[in-house]
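Keep the sequence and the 3D view side by side.

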Amino acid sequence: LGGISGTYTPIPVSAWGLEYYAVAPPEGVNTAYTGYPTIYSVPMITIISSHAGTSVTITPTAKTATGHAVGVPFMVTLNQGDVYNVTTNADPQATNPTFDPCYRNLSGTHIVSNWPIGVISSQSNTGWMCDSSHCGDYCAEWLPPVCNWDSMYVITPSVARLNKPGEQLEFIFAYDTDLTSDDGLSDPRLDGTFKAGDVMDWPRSLDSTKGLLLRASRPFLAVE
């Protein structure tokens, strides 16, 4: 892993849960990465089991490398210490790899288990904007289970880079939820009703120095 700068804060086993929704950047262009001709841009979900006989049901939002279809649940059984990876069909190890850059991703994939599990979302080469063919980086983040989500978030501004959005936000909803915001931008996309399973991407421009305050009627997940 020399040269990789991605890091994450692990979530201890005592804070693992039984239900998750994945968050992951979409596939990149997967061609002509300057200086990295063998790098693929593939989102991945990693599931870790801490208990024997753990049944995990996964409902993917993209075709997987092992051929599981969008929206069709499938189940795997894991024992203590087992690790199971889910990738999209852009994975070079897929039987018949295909690419759908900037559209196919695993965000919103629903994961339910009978024993607590840990879940990590990652991307092998994340760049922004998605259709760029220059430098990207590996990213990985442990996900909180739905039981640890909250109904209020405060997100501070970040610094713009190369005239691009300084923040790419994604919101995941496990319940029918009313969302309101206060960021000084009056963006109607941030005020409304969302259904269980909805995913919303929001590239935040930095024309305001204010933070972003989000309030919801039910717990949801906000990710930068």
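Buried means under 20% relative accessible area, exposed means over 50%, and partly exposed lies in between, with a 1.4 Å probe and protein chains only. At a relative accessible area of 4%, Gly17 is therefore buried. This is a predicted model, in which local features need pLDDT of at least 70, side-chain atom pairs count only at pLDDT 80 or more, and totals for chains, interfaces and linings use all residues. Residues are numbered from 1 along each chain as its sequence is written, and side-chain values use heavy atoms, with hydrogens and water left out.

Begin with the overall layout. The protein chain has 0 helices and 13 strands. Helices (H or I, at least four residues) and strands (E, at least two) are DSSP runs, numbered from the N terminus. Read in order, the pattern is β-β-β-β-β-β-β-β-β-β-β-β-β. Of the 224 residues in the protein chain, 39% are buried. A contact means heavy atoms within 4.5 Å. Among contacts in the protein chain with a separation of 6 or more, 72% are between residues 24 or more positions apart.

Gly17 lies in strand E1, residues 17-21. Setting aside neighbours within four places in sequence, Gly17 is in contact with Ser113, Trp115, Pro116, Ile117 and Pro145. Gly17 and Asn148 are 131 residues apart in sequence, but their C-alpha atoms are 8.4 Å apart in space.

Now turn to the core. A nonpolar core is a set of buried Ala, Val, Leu, Ile, Met, Phe, Trp, Tyr and Cys residues joined through side-chain atoms within 4.5 Å. The largest one has 44 residues, and Ile47, Phe171 and Phe220 touch the most other members. Strand E13 (residues 212-223) gives this core its largest share, 6 residues. Which residues does Phe220 contact, leaving aside neighbours within four places in sequence? They are Trp149, Asp150, Ser151, Tyr153, Phe171, Ile172, Phe173, Leu179 and Leu214.

Aromatic rings come next. Rings of Phe, Tyr and Trp (its six-membered ring) pair if their centres lie within 6.5 Å; planes under 30 degrees apart count as stacked, over 60 as edge-to-face and the rest as tilted. The structure holds 6 such aromatic pairs. The ring centres of Phe171 and Phe220 are 6.3 Å apart and their planes stand at 70°, so this pair is edge-to-face. It links distant parts of the chain: Phe171 is in strand E9 (residues 167-173) and Phe220 in strand E13, 49 residues apart. Phe171 is buried at a relative accessible area of 0%. Phe220 also counts as buried, at 0% relative accessibility.

Phe173 and Phe194 have ring centres 4.4 Å apart and planes at 5°, so they are stacked. Phe173 lies in strand E9 and Phe194 in strand E11 (residues 192-194), so the pair ties together parts that are 21 residues apart in sequence. Phe173 is buried, at 0% relative accessible area. Phe194 counts as buried at 11%. Tyr153, Phe171, Phe173, Phe194 and Phe220 form one aromatic cluster.

Another ring meets a charge. The charged end of Arg218 sits over the ring of Tyr175, 4.1 Å from its centre. The cut-offs here are NZ of Lys or CZ of Arg within 6 Å of the ring centre and within 35 degrees of the ring normal.

Look next at a strand with two faces. In a regular strand the side chains alternate between the two faces of the sheet. Strand E3 (residues 54-59) has a covered face of Thr54, Val56 and Ile58, and an uncovered one of Ser55, Thr57 and Thr59. E3 pairs with strand E4 (residues 74-78) in the antiparallel sense over 5 bridges. Two strands pair if DSSP finds at least two bridges between them. Ser55 has Thr77 as its bridge partner in E4.

The loop between E3 and E4 holds Thr64. Thr64 counts as buried at 1% relative accessibility. A polar atom of its side chain lies 3.0 Å from the backbone nitrogen of His68. Beyond residues up to four places away in sequence, Thr64 touches Val86, Thr87, Thr88 and Asn89.

Finish at Ser49, in strand E2 (residues 43-49). Ser49 is buried, at 3% relative accessible area. The side chains of Ser49 and Thr54 are joined by a polar contact of 3.2 Å. A polar contact is a pair of N or O atoms within 3.5 Å; within protein, one must be able to donate a hydrogen and the other to accept it, and residues adjacent in sequence count only if both atoms are side-chain atoms.
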